[in-house]
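Hello,

Here is the structure for your files. My notes on it follow below.

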Amino acid sequence: MSNETAASNQALKPFSTVQLLNFCLGFFGLQFAWQMRIILSGPVTEGLGASPLLFGLIWLAGPITGMVVQPIIGNLSDRTNTIFGKRRPYLFAGALFASLALWAFPNSSAIASKIAAFLHVSEPVFGGLIIAAIMIWIIDACVNAAQGPYRALVPDLVPPAQHSLANAYLSFAIGLGSVVAAGTAPFLKYVFNYQMSINAQFVMAALAFSLAMLWTCITIQEKKYSKSDSQETKNQKDNEPKISFVQQFADFFKSSPEVGKICTIQLFTWIGIMSLNIFFTQFATHTVYSVPDLTTASDEIKNMYTNTISKATNFSSICFAIQNLICFLVSIPIGLLSTKFGNKKVHFISLITLALTFIGMGFCHNPGFVLVCMAIAGIGWASILALPFAMLSEFIKKGSEGSVMGIFNIFIAGPQVLVCTLLAWIINQCSYTVSGGINFHWEYAFFIGSVTLIIAAVITNMIKEKI
């Protein structure tokens, strides 16, 4: 028996609370960066001239890189044997390149101008927008490259009895990272009357991602492979039959009928959740604060709404901070409740609750009411970040953790394509006249999202969990 096989057969040691907190720190940094991208990509790209449809198309970076990058990186990380471990090289590289793109994104217009000057050509009309789109694609690709191997660390290192709890701790880290990311600028504004610039917020996100992930890479102990181990593993894999991605995909669904149900739950869930994540800041700006569409407005008109846009952006940040604060507070209790009552019961109630908040925001645009709805939505968000992965973990074959998480991510990323294209197109077609120009029915995103969340809840109730 090889050293690797012997090690895999040894029982994994339970994680203490301190170890679980340390384990999820890198995910804190990852979510910090991702939350900043969610909140502020809209204002940056709209300022560069992106319409609702074009904004949605730029958001395609997330789902497309998720569907392509995560399965590939997941498969590669399963087969990677280095002295640094299987997953850590991907965690560090993803954080490093994403951090560079996070710095560049809000400076896209300046970068485009410098490139044009270097090439001695006139800057294209959408030069800044093209650079911004490229940076978004790099950020999303690198986040996905780190996220899949990070999720695979749970079945790699944590005993099965703690899978739900470990995923709940990751949800805890996501909530905390989002709270700090979203809440810093509003806190500085309302407490110290200092408005943090968008550029500064992205630099903060880049530092949080790179430093937190570096800490994880240093402190998480994966199996170290010697040259002899690596050569032995290589020889074994050379003798194994080559399995195509299509075959892996088919085997994934053959493992249990429940796998297909869990994937369908994710599909409808993430149509709903991305309807919120992609369009909420625009909803806050244009619907809650009644700022007309400014994509084609003159600089004089844009300057008239500068203060209102800052208020709306801060309000959006507060809403996401409150949502993720609730996620942060309930994530571990949700893990404990799911251990006692089962994953599907807790997840069903959470999804129905989230759908009701969507319906509420769609009909009532009062800032206080929207804030309360976003707070309640944190319960559903905490469940989404943990329980589907916990349910899937019951059906993962040992040694295929990275590949499975990559394939599973297709059902998170794929639905986003519909949101970025079809839903963005619907909103783009639904304009109405307001004082100062036109506006769009951004609230339609919540009505459509509520329907898909209810469908996901119904399917959740059909899952047959292992006892």
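In helix 6, Tyr90, Leu91, Gly94, Phe97, Ala98, Ala101, Leu102 and Ala104 are in contact with helix 8 (heavy atoms within 4.5 Å). The partners in helix 8 are Met135, Ile138, Ile139, Cys142, Ala145, Ala146, Pro149, Tyr150 and Leu153. By class, 16 of these contact residues are nonpolar, one is polar and none is charged (Ala, Val, Leu, Ile, Met, Phe, Trp, Tyr, Cys and Pro count as nonpolar, Asp, Glu, Lys and Arg as charged, the others, Gly among them, as polar).

This is a predicted model: local features need pLDDT of at least 70, side-chain atom pairs count only at pLDDT 80 or more, and totals for chains, interfaces and linings use all residues. Residues are numbered from 1 along each chain as its sequence is written, and side-chain values use heavy atoms, with hydrogens and water left out.

Helices are DSSP runs (H or I, at least four residues), numbered from the N terminus. The axes of helix 6 (residues 88–104) and helix 8 (residues 127–157) come within 8 Å and cross at roughly 155° (lines fitted to C-alpha atoms over the stretch in contact, angles from 0 to 180 degrees between N-to-C directions). Helix 6 is therefore roughly antiparallel to helix 8 (over 145 degrees).

Phe209 touches Gly94, Ala98 and Leu102, among others, and also Ala146.

Asn193 lies in the loop between helix 9 (163–192) and helix 10 (198–219), and Ser290 in the loop between helix 13 and helix 14 (299–304). Asn193 is exposed at 60% relative accessible area (exposed means over 50%, 1.4 Å probe, protein chains only). Ser290 is exposed at 52%.

Regards

How values were computed: Helices (H or I, at least four residues) and strands (E, at least two) are DSSP runs, numbered from the N terminus. Angles under 35 degrees count as roughly parallel, over 145 as roughly antiparallel, 65 to 115 as roughly perpendicular and the rest as oblique. Buried means under 20% relative accessible area, exposed over 50%, partly exposed in between (1.4 Å probe, protein chains only). Lists of a residue's contacts leave out its neighbours within four places in sequence.
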